[in-house]
Amino acid sequence: MLQKIVDALVNKQSQNYVMTDEDEKIYRYGYVLLCEVFLNLVIALAIGIVFSKTKEVIFFLGMYIPLRSFCGGWHADKIWKCTVISNVILLLQVYGIENIKMYLSMSGMLLIFFFNMVCVYFISPVDTEMKKISQDEKKTYKRKIKFILVFHVIIAIITVLSDVDEFIFSLMFVYIIQNVMLLMEIIKHRKCYFRRNGKLEKVEK
């Protein structure tokens, strides 16, 4: 279904001017990402509405997507896998708010939040096989990550003062998930390195 939509969009685009093979690849990649984002947003809103957690889901996405964009980390190799995993994460967030948050104090959630934030700061950005990051790009990404972290700290302070523990839990969950994605990609890099070299060696960063 998604492929048919992308084909239709590319064909429509090609009617305006003659595209090279390289142009077609770029347009296909862009349209696939656009369709993926749209589909995930629709499903995310549906999850929020069904479980009466629309504000929490929107808050999570607003905090997570920019952070994820610059920090990097593990990505699924198929669109359907990405869609499934993304929405399983949202379901886990909803489940956590309903069933885990009650066992965590505000100070406990803030401690977990800050611990994971520090980890994200020192580990990221992490590139992938699909998206390599140059040294100059890493410096740029690092500056943007710092800005996002400062912004999130301000948001955390506001939510604490407003006593909105659902948002504190969501912010904490954002950084737990981001850390997991970073560590998964680092582990994947090391496994690929070992396979290429055929033996265990020290991995240079």
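Figure 1. The model shown here and in every other view is predicted. Turn to the other residues of the helix and you find Met109, Leu110, Phe113, Asn116, Met117 and Val120, which are buried. Seen down the axis of α5, these buried residues fall within an arc of 135 degrees, so they line one face of the helix.

**Figure 2. The whole chain, for orientation.** Before the next close-ups, here is the overall plan. Of its 205 residues, 36% are buried. The chain exposes about 13000 Å², and carbon and sulfur atoms supply 67% of that area. Among contacts with a separation of 6 or more, 75% are between residues 24 or more positions apart.

**Figure 3. Lys53 and Glu98 joined by a salt bridge.** The chain has two salt bridges, and this view shows the one between the side chains of Lys53 and Glu98, at 2.5 Å from N to O. The pair links distant parts of the chain, 45 residues apart: Lys53 sits in the loop between α2 (21–50) and α3 (54–71), and Glu98 belongs to helix α4 (residues 79–99). Are the two partners buried or exposed? Lys53 is buried, as its relative accessible area is 12%, while Glu98 is partly exposed at 38%.

**Figure 4. A salt bridge between Lys101 and Asp165.** Here the closest N and O atoms of Lys101 and Asp165 are 3.3 Å apart. Lys101 lies in the loop between α4 and α5, and Asp165 is in helix α7 (residues 165–197), so this pair also links distant parts of the chain, 64 residues apart. Lys101 is buried, with a relative accessible area of 14%, whereas Asp165 counts as partly exposed at 24%.

Figure 5. The chain holds eight aromatic pairs. In this one, the ring centres of Phe60 and Tyr64 are 5.4 Å apart and the planes meet at 20 degrees, so the pair is stacked. Being four residues apart in helix α3, Phe60 and Tyr64 are separated by about one helical turn. Both Phe60 and Tyr64 are buried. Together with Phe169 and Phe173, they form one aromatic cluster.

**Figure 6. Phe70 and Tyr141 meet edge-to-face.** The ring centres of Phe70 and Tyr141 lie 5.5 Å apart, and their planes stand at 80 degrees, so the pair is edge-to-face. The two residues come from distant parts of the chain, 71 residues apart, with Phe70 in helix α3 and Tyr141 in helix α6. Phe70 is partly exposed, with a relative accessible area of 23%, and Tyr141 counts as buried at 14%.

**Figure 7. Thr159 and its contacts.** Thr159 is part of helix α6 (residues 135–162) and is buried, with a relative accessible area of 6%. Which residues does Thr159 contact, leaving aside its neighbours within four places in sequence? They are Val164, Phe167 and Ile168.

Terms used: Residues numbered from 1 in each chain as written. Predicted model: local features only at pLDDT ≥ 70, side-chain atom pairs only at ≥ 80, totals over all residues. Heavy atoms only, no water. Buried < 20%, exposed > 50% of the residue type's maximum accessible area, 1.4 Å probe, protein only. Arc of directions from axis to C-beta. Contact = heavy atoms within 4.5 Å. Salt bridge = Lys/Arg side-chain N within 4 Å of Asp/Glu carboxyl O. Areas by Shrake-Rupley, 256 points an atom, 1.4 Å probe, with all protein chains shown as cover. Phe/Tyr/Trp six-rings, centres within 6.5 Å; stacked < 30°, edge-to-face > 60°.
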